[in-house]
Amino acid sequence: MDEANCKIACQLISQTYIKQGSQALTRRHKLIKTLLSQLRLPTDGWDDATIELFIQDASLMDSNNFIDNIGLGEREARVASELVARRHYRLAHGIGRSGEVAAEQPKAAGSSLLARLTNHLAADALEIAGMKDLGPVLTLPLATGMALTVTLLALRQDRPEAKYVLWPRIDQKTCIKCITAAGFTPIVIPMKLEGDQVVTDIDAVNAALAKIENKNTLACILTTTSCFAPRAPDNIIEIARICALLDIPHVINNAYGVQSANLCALVTSAVRKHRVDAIIQSTDKNFMVPVGGAIIAAPKNRPLLVEKVNKLYPGRASMAPLLDLLITLLHLGAAGWSRELQQREELQPLVLDALKECAAAIGERVLVTSNNPISMGMTLDSLESKNKIDCFDTRYSARAGATFLGSMLFARGASGARVITPEKQQTVAGIQFQGYGASYDNYPHSYVTVAAAIGSTKTDIEEFLKRLHACVDEFKRKQTKKTSHGDS
Ligand SMILES: *Cc1c(COP(=O)(O)O)cnc(C)c1O
């Protein structure tokens, strides 16, 4: 109800009461006004009623929700199911037009507004997390892998000779598939071992570059920050330096790196000192929304690639992942977002300590991977069955010892742990990898990784490690039994 209507309502209800009610409405409208004028996260998160009021208002500004609207075109945001309409707050036009995915839609002022706002708030959230000196930010309804693919495709426009992407190895299938999906051939740069850590081999990067006579055949170097231990974040500063020197684009896969102050600082350094063209991050892994979105950001001093992705995107796109992010950011506010980040930072040493305790109890040790601020690993060397085949359970008979632990954990409702054994071979995108999972051919240990991820709690860790411990004990009991059987 606006002020004029409140005045009229005074014929029905005492003016004093209407005035109070009207003031309550004004407070909410002021929150919206501040948001629209500042284009930053509200200091404190909004209550759900204000968020719904705002989205509802925007939605009523879209033509499909006009009273008496008749649309005879083929894209009039018709929605058959009322359930679906409600699930989307009746926002049905999506985002973008055929020309640009971030363009305004004449039929959908509300949707266009919310989409623009999402990008502003996403930029603010990245800045609060510690990613400084960023320019344009584009939220797309594509998960990280596809967002990387469209970014690589956008690079091709300026580099028509490009065939290859130089890629320090990271054992996550999406990371290599995003290259081949864009029609490029990955040049895999093996990592090197430094203590327990698997780190970028800058000499190998330089050696590979030296072999490429025409640098224009390279689309970019694709580096990765957030990754499973024992891999460390890539040395993105040194690679950014090489990219600046040789005039090669540099794209950073920062999938879940936003949640780590260290990784954000690393990205900021690379951006400030040398060359970065785009940084891509997942919405679900960083902002606790359903899977479906990614944020593509470009540095302030090199903003063009984001604009190119925006123009390259064919057609309209779903607005749902943007709406999820918008609602979440309004719900958290700057204070809530900072608190989530802070809690994650505090969680990391707790996970490490708990993992150390667990390791000591089962006669293993924690891998020293101090450059990785999110993922941690513990050796499982004592679990490797000597004869590799035929564990105690025939359902898993083809699996080696430590891998079986992964299944045991999963069966006990403990997900997220990855058990890696050095002998695993895997072909991804036509390339065969040895020791898949460790990002290294012959990693000297079997191990399990866990993550100190945003949104996890201390209780989660304690309960998880309790189950892990129980699984290891059970495993060893069975192993001993089996061995003694075999001996007899
Ligand atoms: C999760 C992840 C991906 C894949 O992300 P999707 O959102 O599933 O496309 C790619 N790279 C890294 C490093 C990841 O952690």
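Trainee: Hi! By class, which residues make up the lining of the largest cavity?
Mentor: There are 7 nonpolar, 4 polar and 2 charged residues in that lining (Asp, Glu, Lys and Arg count as charged; Ala, Val, Leu, Ile, Met, Phe, Trp, Tyr, Cys and Pro as nonpolar; the others, Gly among them, as polar). Keep in mind that this is a predicted model, where local features need pLDDT of at least 70, side-chain atom pairs need 80 or more, and totals for chains, interfaces and linings use all residues. Residues are numbered from 1 along each chain as its sequence is written, and side-chain values use heavy atoms, without hydrogens and water.

Trainee: Which lining residues lie nearest the centre of the largest cavity?
Mentor: Those are I95, V101, A102, A115 and R116, from a lining of 13 residues (a cavity is a set of points on a 1 Å grid over the protein atoms alone where a 1.4 Å probe fits but cannot get out, and lining residues have an atom within 4 Å of a point).

Trainee: And which elements give two or more residues to that lining?
Mentor: Helix 5 (109-129) and strand 1 (134-140) do, with helix 5 giving the largest share, 4 residues (DSSP runs: helices are H or I, at least four residues, and strands E, at least two, numbered from the N terminus).

Trainee: New topic! Where is the peptide bond that is cis?
Mentor: Look from A229 to P230, where omega is near 10°. P230 sits in the loop between strand 6 (218-224) and helix 9 (236-246).

Trainee: What about phi of L39 and D68?
Mentor: Phi is positive at L39, near 55°, and at D68, near 70°. L39 is in the loop between helix 2 (15-38) and helix 3 (48-60), while D68 is in the loop between helix 3 and helix 4 (82-87).

Trainee: Is D68 buried or exposed?
Mentor: D68 is exposed, because its relative accessible area is 72% (exposed means over 50%, buried under 20%, partly exposed in between, with a 1.4 Å probe and protein chains only). L39, at 31%, is partly exposed.

Technical notes
1 Å grid on protein atoms, 1.4 Å probe; cavity = no way out; pocket = protein on both sides within 12 Å on 5 of 7 lines; lining within 4 Å.
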